[in-house]
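Reader: I am new to protein structures. Could you show me how to read one, feature by feature?

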Amino acid sequence: MIAVTINFNSIAKITDDQFYQLCRENPDVKFERNAEGEIIVMSPTGGETGNYNFEIATDFGIWNRQTKLGICFDSSTCFKLPSAANRSPDVSWIEKSRWEALTPEQKQQFPPIAPDFVLELMSPTDSLKDTQDKMQEYMNNQVKLGWLINRKTRRVEIYRQGQEKEVLECPTELSGEDVLPGFVLNLKTLWQ
């Protein structure tokens with residue numbers, strides 16, 4: 001995925017409502033916005049990455065249907081983080097009571113909440129530094145657990161609230177720890 005960052009701040013500050021409208025009027029374009037208000041335009045993923053994203057999201061969906069502990073989201077969901085950034089993780093999850101505390105209007109638009117868990121799967125054209133910065137931004141916004149999966153290097157970076165990131169080389173599975181109780185993601189098919 002190729003991303004282009006555009007800074008309109010010297011011309012106009014784009015409000016939350018304007019950003020939401022921009023996204024609604026351009027449904028074929030994926031937008032994010034960082035805490036500085038810069039707009040990030042992202043291209044769609046390729047077929048391989050899209051398939052792996054789907055397979056991973058399916059595992060989360062099955063686990064979540066069985067446990068009924070929260071709400072899962074795919075990469076098309078944009079969250080308004082406490083820093084005012086608008087981000088769309090590849091997979092995310094929010095504990096049920098936190099989601100239910102939002103109003104119907106908040107749930108309908110870009111939910112003003114940081115997920116409890118986020119996952120980013122690197123595309124071949126993603127910048128590692130930009131994606132690591134995005135993961136740190138999630139942690140700065142109170143995300144409890146994050147996984148950055150890089151198929152090319154067979155490396156996983158685990159981000160935990162208030163801790164240094166942990167780097168694993170070619171792990172066969174990842175545990176959801178206490179954030180996603182009982183969840184285990186099998187990574188063997190990703191490394192093939």
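**Reading the model**

Author: Start with a pair of charges. Asp116 and Lys144 form a salt bridge, and their closest N and O atoms are 3.3 Å apart. The pair links distant parts of the chain. Asp116 sits in the loop between α4 (104-108) and β8 (117-121). Lys144 sits in the loop between α5 (128-140) and β9. The two are 28 residues apart. Keep in mind that this is a predicted model.

Reader: What is the general idea behind such a pair?

Author: Side chains of opposite charge can pair when their charged atoms come close.

Reader: How many salt bridges does the count come to?

Author: The count comes to 14 salt bridges. One of them joins the side chains of Glu48 and Arg151, at 3.6 Å from N to O. Glu48 lies in helix α2 (residues 47-67) and Arg151 in the loop between β9 and β10, so this pair ties together parts that are 103 residues apart in sequence.

Reader: Is Glu48 buried or exposed?

Author: Exposed means over 50%. Glu48 has 54% relative accessibility, so it counts as exposed.

Reader: Which residue does Glu157 meet in a salt bridge?

Author: Its partner is Lys165, with 3.4 Å from N to O between the side chains. Glu157 counts as buried, at 5% relative accessibility. Lys165 counts as partly exposed, at 38%.

Reader: Now cavities. How many of 30 Å³ or more does a search of the whole structure find?

Author: The search finds one. To read a cavity, ask for its volume, then for its lining. The largest cavity holds about 50 Å³ of space.

Reader: Which residues line the largest cavity?

Author: The lining is made of Met122, Leu128, Leu148, Asn150, Thr153, Arg155 and Glu157.

Reader: How do the lining residues divide into nonpolar, polar and charged?

Author: Three are nonpolar, two are polar and two are charged. Look at the strands as well. β9 (145-150) and β10 (155-160) each supply at least two residues of this lining.

Reader: How do I read backbone angles? What is the phi of Arg154?

Author: The phi of Arg154 is near 55°, a positive value in a residue other than glycine. Arg154 is placed in the loop between β9 and β10. With a relative accessible area of 37%, Arg154 is partly exposed.

Reader: Where is Cys170 placed?

Author: Cys170 is in the loop between β11 and β12 (173-175). Cys170 has a positive phi of about 50°, although it is not a glycine. Cys170 is partly exposed, with a relative accessible area of 35%.

Reader: Last topic: distance along the chain and distance in space. How many Å apart are Leu190 and Lys152, C-alpha to C-alpha?

Author: They are 9.7 Å apart in space, and 38 residues apart in sequence. Leu190 lies in the segment after β13 (184-186). At 3% relative accessibility, Leu190 counts as buried.

Methods
Residues are numbered from 1 along each chain as its sequence is written. This is a predicted model: local features need pLDDT of at least 70, side-chain atom pairs count only at pLDDT 80 or more; totals for chains, interfaces and linings use all residues. Side-chain values use heavy atoms; hydrogens and water are left out. On a 1 Å grid over the protein atoms alone, a cavity is a set of points where a 1.4 Å probe fits but cannot get out, and a pocket is an open set with protein on both sides within 12 Å along at least five of seven lines; lining residues have an atom within 4 Å of a point. Grid points are joined across faces, edges and corners, and a volume is the space filled by probe spheres set on the points. Helices (H or I, at least four residues) and strands (E, at least two) are DSSP runs, numbered from the N terminus. Ala, Val, Leu, Ile, Met, Phe, Trp, Tyr, Cys and Pro count as nonpolar, Asp, Glu, Lys and Arg as charged, and the others, Gly among them, as polar. A salt bridge is a side-chain nitrogen of Lys or Arg within 4 Å of a carboxyl oxygen of Asp or Glu. Buried means under 20% relative accessible area, exposed over 50%, partly exposed in between (1.4 Å probe, protein chains only).
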